[in-house]
Amino acid sequence: MKKETLFIAIGNQKGGVGKSTITATIASYLQYQMNMSVAIIDCDFPQYSIYKMRETDIETINKNKDLQVLLQKQFHNSNKKAYPIIAGTPENAIDLAVELTENSATTFDIVFFDLPGNVTSEGILKLMFNLNYIFVPIIADKRVLQSSLSFILAVKEFLGRKDINKRLNDVFIFWNKVDRRESTELYSMFNKVLKSENLSVLKTIIPDAKKYNKELSILKPTAFRSTLFAPDKKMLKGSNLEELVLEIIEKIGL
Ligand SMILES: Nc1ncnc2c1ncn2[C@@H]1O[C@H](COP(=O)(O)OP(=O)(O)OP(=O)(O)O)[C@@H](O)[C@H]1O
Ligand SMILES: [Mg+2]
């Protein structure tokens with residue numbers, strides 16, 4: 001009997017909050033650093049930023065012998081191959097995930113879903129309600145916070161409904177792109193709002209750091225955001241990515 005695979009999305013109805021970046025870096029950290037088995041269903045049609053990230057990663061590695069050696073070494077040490085990334089749509093994403101988990105020899109711990117930045121698209125609600133957990137990245141921008149709050153409250157309201165059979169267990173919020181130089185007023189004000197609505201905010205805060213954009217290049221064999229390599233150990237310092245991964249693992253009971 002295969003153990004249950006958890007379906008998780010780093011999602012928000014707001015664009016540009018870091019959904020794809022956080023999804024790709026966490027997936028690579030879990031697969032290549034923590035010996036877990038993950039997969040990604042990229043439902044962010046037509047952008048497909050994670051699916052395209054994999055294509056670029058492969059192209060870059062094919063052009064650089066040193067990167068090929070590094071990749072072999074990582075696969076050898078982690079005994080893990082590249083995790084699958086499948087392009088889909090909100091409508092067929094769950095079916096693609098079920099097909100993958102049922103037909104693959106691998107027992108996946110987590111299948112991540114990279115959602116589009118708007119929840120009006122067809123099938124997105126059905127998809128979200130068939131997930132086990134949703135983690136909502138928020139950033140300190142009044143417009144983004146307003147829109148994020150209505151998204152989170154809609155998910156929370158759904159979670160409370162007894163008349164619907166659902167897979168969704170819980171929704172958690174976390175701060176991304178936090179600039180420590182900025183005043184904390186907006187953060188503390190918004191955390192109060194979230195608390196008053198009994199919403200769960202993760203302790204881990206992800207800083208606004210250029211390294212989150214750092215992808216593989218033939219000139220520089222170290223990357224933070226790659227679908228084929230774990231985030232570079234040196235770059236992990238100060239990123240709080242490991243802290244976020246451990247807190248998420250604790251919340252989902254893995
Ligand atoms: N912690 C961070 N620090 C600095 N830059 C970040 C951080 N997280 C994400 N970014 C940058 O913010 C931009 C938006 O990130 P990303 O594309 O992951 O967001 P998204 O929510 O997936 O957007 P979309 O809705 O368009 O899919 C990217 O340039 C990304 O590199
Ligand atoms: Mg995205």
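The structure is a predicted model, in which local features need pLDDT of at least 70 and side-chain atom pairs count only at pLDDT 80 or more, while totals for chains, interfaces and linings use all residues. Residues are numbered from 1 along each chain as its sequence is written, chains are lettered from A and ligands numbered from 1 in the order in which they are written, and side-chain values use heavy atoms, with hydrogens and water left out.

**Ligand 1**

- Around ligand 1 there are 19 residues, and the closest are Lys19, Thr21, Asn176, Lys177 and Asn213; a residue is near a molecule if one of its heavy atoms lies within 4 Å of it.
- This shell is made up of 5 nonpolar, 9 polar and 5 charged residues. Ala, Val, Leu, Ile, Met, Phe, Trp, Tyr, Cys and Pro count as nonpolar, Asp, Glu, Lys and Arg as charged, and the others, Gly among them, as polar.
- A polar backbone atom of Val17 is 3.2 Å from an oxygen atom of ligand 1.
- An N or O atom in the side chain of Asp44 is 3.2 Å from an oxygen atom of ligand 1.
- A nitrogen atom of ligand 1 lies 2.9 Å from a backbone N or O atom of Ala209.
- On its own ligand 1 has 630 Å² of accessible area (Shrake-Rupley method, 1.4 Å probe), and the protein covers 80% of that area.

**Helices α2 and α3**

- Helix α2 (residues 49-62) packs with helix α3 (residues 65-78) at an angle of about 115°, and their axes are 6 Å apart. Helices are DSSP runs (H or I, at least four residues) numbered from the N terminus; axes are lines fitted to C-alpha atoms over the stretch in contact, and angles run from 0 to 180 degrees between N-to-C directions.
- Thr60, Ile61 and Asn62 of α2 and Leu67, Gln68 and Leu71 of α3 make the contact, which means heavy atoms within 4.5 Å.
- These contact residues divide into 3 nonpolar, 3 polar and no charged.
- Thr60 has a relative accessible area of 10% and is therefore buried (under 20%; exposed is over 50%, with a 1.4 Å probe and protein chains only).
- Beyond neighbours within four places in sequence, Thr60 is in contact with Leu67, Leu216, Ser217 and Ile218.

- Glu247 lies in helix α9 (residues 241-252) and counts as buried because its relative accessibility is 7%.
- Not counting residues up to four places away in sequence, Glu247 touches Leu202, Lys203 and Thr204.
- A polar atom of the Glu247 side chain lies 2.6 Å from the backbone nitrogen of Lys203.
- Asn198 is in the loop between α7 (185-196) and β7 (200-201) and is exposed, with a relative accessible area of 63%.

How values were computed:
A polar contact is a pair of N or O atoms within 3.5 Å; within protein, one must be able to donate a hydrogen and the other to accept it, and residues adjacent in sequence count only if both atoms are side-chain atoms. Helices (H or I, at least four residues) and strands (E, at least two) are DSSP runs, numbered from the N terminus.
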